[in-house]
Amino acid sequence: MTMNFLNPVNPVTTQTWTNGRHQVRCVKVIQETWDTRTFCFMAEQPVMFFFKPGQFVTLELEIDGEQVMRSYTISSSPSVPYSFSITVKRMPGGVVSNWLHDNLKVNDELAVHGPVGKFNIIDYPTDKLLMLSGGVGITPLMSMVRWLFDTNAAVDLQFVHSSRAPQDIIFHRELAHIFSRIPEFKLHIVCERSDEMGEAWSGFRGYLSQAMLELMAPDFLEREIFCCGPTPYMNAIKRLLQENGFDMSRYHEEAFGATPVDVQEEVIENAEQAEAEAGELDVSDMLSVEFSSTGKSVRIQPGETVHTAAAKLGLHIPKACGMGICGTCRVPLTSGEVDMEHNGGITDEDMADGYILSCCSKPTGDVVVEY
Ligand code: FES
């Protein structure tokens, strides 16, 4: 099928984006820093990309003949809704990020799923914000900053970004521009070191510390906090906040580049072994999952998914995203109930017909699944 991407943007007829699978075309590639690029996308038919700043999309790619799903937070703002963008840093050994840098070009088409995500600024309204980002973890926060700037939001924002060296600061010029125009927005950048050759760094140096944070935002305990960066960075931030008695219900975080697809699922050869594994667990707490088409059943611990139960029996229900987005792992539930935390990968009709997404469905009692 030939896609027609030439329809002019028309604010009257343009549709709005809803969570689901969408075919999009790459319309621009921007080199942000030496190892980071922004990829901008538009839809086949003009679509207004409304989403909550901070949310993510999942790209459906084919790499070396294999389907790969990978999530990226959106770096653009829904205040500029005719396209959306993701910002990707090359990672040593990062199969998908490197593939995108090496292969994704203007005019390439691909499918995306989304937008979804609880890490967003709309669901936690506040007028005092602290945003903390490390490296390419800046992307969802950039979407939030752009949104707050474009909508003239009346918020007091302290933004603290940590980077390796000046040459690695993503969106540096745009941040400087935005933060120079709104007195209530304050930008603080921490660099581990100066560039090896080139720009010296005279600002905050090293790793973000409590002393630095107190200088930047002495009232940090009173703010709603959004944090995104590498796991060690976020762990250090959480420790700091907890030690200071911060109300952690006001702390929101997102790990960058993380898709729980790689969640390890042990395939245990038989059900007895699976039950033996449960060892000292109170047997009465365990739940039975029966797969009626294959006549196999297994007992699992509360909190385990139907997909995990199948894997324990060596039954491989197809799975791609592992997070309730793509619908690949859909199976009929013929008896019992599950707690399904999906991200839009199943329609209301399918649910009414008794289907569940096995990757994100946790039985709440004994269940029977057709597989
Ligand atoms: S694997 Fe994508 S929804 Fe379950």
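Which residue in β14 is the bridge partner of Cys 227? Glu 253 in β14 takes that place, and View 2 comes back to the strands around this pair.

**View 1. The whole predicted chain, with its confidence.** This is a predicted model, in which local features need pLDDT of at least 70 and side-chain atom pairs count only at pLDDT 80 or more, while totals for chains, interfaces and linings use all residues. Residue numbers start from 1 along each chain, following the sequence as written. The secondary structure of the protein chain comes to 8 helices and 21 strands; helices (H or I, at least four residues) and strands (E, at least two) are DSSP runs, numbered from the N terminus. On pLDDT, the predictor's confidence in each residue from 0 to 100, the chain averages 88, and 89% of the residues score at least 70. A contact here is a pair of residues whose C-beta atoms, placed from the backbone, lie within 7 Å. Take the contacts between residues at least 6 apart in sequence, and 69% of them join residues at least 24 apart. As for burial, 37% of the 371 residues count as buried, a label that calls for 20 or more other C-beta atoms within 10 Å of the residue's own, again placed from the backbone (12 or fewer makes it exposed, and in between is partly exposed).

**View 2. Strand β13 and its two partners.** Strand β13 (residues 224-229) is mostly covered, with 5 of its 6 residues buried. Strands count as paired if DSSP finds at least two bridges between them. On that basis, strand β9 (residues 128-134) pairs with β13 in the parallel sense over 5 bridges, and Leu 130 stands opposite Ile 225. β13 also pairs with strand β14 (residues 251-255), again parallel and over 5 bridges. Here Phe 226 sits opposite His 252 in β14, while Cys 227 has Glu 253 as its bridge partner. To get from β13 to β14 the chain goes through helix α5 (residues 231-243), and this β-α-β crossover is right-handed. Right-handed means that, with the strands pointing away from the viewer, the path from the first strand over the helix to the second runs clockwise.

**View 3. Helix α2, mostly covered.** Helix α2 (residues 138-150) has 13 residues and reaches 18 Å from its first C-alpha to its last, close to the 18 Å expected at 1.5 Å a residue; the expected span is 1.5 Å times one less than the number of residues. Of its 13 residues, 11 are buried, among them Met 142, Met 144, Arg 146 and Trp 147. After α2 comes Asn 152, whose phi is positive, near 50 degrees.

**View 4. An antiparallel sheet of 6 strands.** This open sheet runs in the order β6-β5-β8-β2-β3-β7, with antiparallel pairing. β6 (66-73) and β7 (84-89) stand at the edges with a single partner strand each, so one side of each has no neighbour in the sheet. From one strand to the next, the twist averages 40 degrees; axes are lines fitted to C-alpha atoms (for helices, over the stretch in contact), and angles run from 0 to 180 degrees between N-to-C directions. Inside the sheet, strand β5 (residues 56-63) pairs with strand β8 (residues 109-116) over 4 bridges, and Glu 60 stands opposite Ala 111 in β8.

**View 5. A mixed sheet, and Val 369 in it.** Here 5 strands form an open sheet in the order β16-β15-β21-β17-β19, and the pairing is mixed. The edges belong to β16 (296-300) and β19 (355-357); each has a single partner strand, so one side of each is left without a neighbour in the sheet. The twist averages 35 degrees from one strand to the next. Strands β15 (residues 287-291) and β21 (residues 367-369) run parallel, joined by 3 bridges, and Val 289 stands opposite Val 367. Also in β21 is Val 369, which counts as buried because it has 28 C-beta neighbours inside 10 Å. Leaving aside neighbours within four places in sequence, Val 369 is in contact with Val 289, Phe 291, Val 306, Val 331, Leu 333 and Thr 334. Ser 292 lies 77 residues away from Val 369 along the chain, yet their C-alpha atoms are separated by 6.1 Å.

How values were computed
Contact = placed C-beta atoms within 7 Å.
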